[in-house]
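Here's a quick tour of a protein model, starting with the overall numbers and ending at a few individual residues. Take a look at the sequence and the fold first.

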Amino acid sequence: MTFFLIITLLVLGFLAAAERIQAMAPGTKDLISFLRQSEGWIGIVSIVLGIIWLFRVLRWIKYFNLYLFLGLLSALVMIALGFLYAQNVLRGWSKDNASINDNINKVVDKLAPIKEPLGIAAIVLGVVDLLMYVF
């Protein structure tokens, strides 16, 4: 389960920092276009997995340590990026409710300017989480 969460965090980071990654490695264009086709569902899955990860990490609160801190950061970054990518799917589900759509717009307006830094943070956190899990 942890590897699935780490892979999801890395995919989210890759999507969010796609322009920067594509500038550094032009061969990633096909992969980016493949992932962009399902970014809404990737966002929904990452919101659910981020919430699951958040509850799993909160079990460690009595041992306030580096694992807790990195786990909380990873879960929050995953939820934030998931919300950015799932916005169109969420709007489609709540198209009859204007107040929910207004709240979605507020959150997206706050998170959109920091999408690329969140993506880079997701990649770094994913690699650190992977290394901490393996070692």
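## Burial and ground rules

Of the 135 residues in the protein chain, 41% are buried (buried is under 20% relative accessible area, exposed is over 50%, and partly exposed lies in between, with a 1.4 Å probe and protein chains only).

This is a predicted model, so local features need pLDDT of at least 70 and side-chain atom pairs count only at pLDDT 80 or more, while totals for chains, interfaces and linings use all residues. Residues are numbered from 1 along each chain as its sequence is written, and side-chain values use heavy atoms, with hydrogens and water left out.

## Overall fold

The protein chain has eight helices and zero strands (DSSP runs numbered from the N terminus: H or I of at least four residues for helices, E of at least two for strands). Its radius of gyration is 15 Å, close to the 14 Å from the globule rule for 135 residues, so the chain is as compact as a globular protein of that length. That radius is taken over C-alpha atoms, and the rule is 2.2 Å times the number of residues to the power 0.38. The C-alpha atoms fill a box of roughly 45 × 40 × 25 Å along the principal axes.

Among contacts (heavy atoms within 4.5 Å) with a separation of 6 or more, 73% join residues 24 or more positions apart.

## The nonpolar core

What sits inside? The largest nonpolar core has 38 residues, and Trp 53, Val 77, Leu 81 and Leu 90 have the most contacts inside it. Such a core is a set of buried Ala, Val, Leu, Ile, Met, Phe, Trp, Tyr and Cys residues joined through side-chain atoms within 4.5 Å. Elements giving two or more residues to this core include helix H1 (2-16), helix H4 (39-58) and helix H8 (115-134). Helix H5 (66-85) gives the most, with 10 residues.

Leaving out residues up to four places away in sequence, Leu 81 touches Leu 12, Gly 13, Ala 16, Lys 115, Leu 118, Gly 119 and Ala 122.

## Around helix H7

Ser 94 is in the loop between helix H6 (87-93) and H7. Its relative accessibility is 10%, so Ser 94 counts as buried. Beyond its neighbours within four places in sequence, Ser 94 is in contact with Ile 100, Asn 101 and Ile 104.

Val 107 belongs to helix H7 (residues 98-111) and, at 34% relative accessibility, counts as partly exposed.
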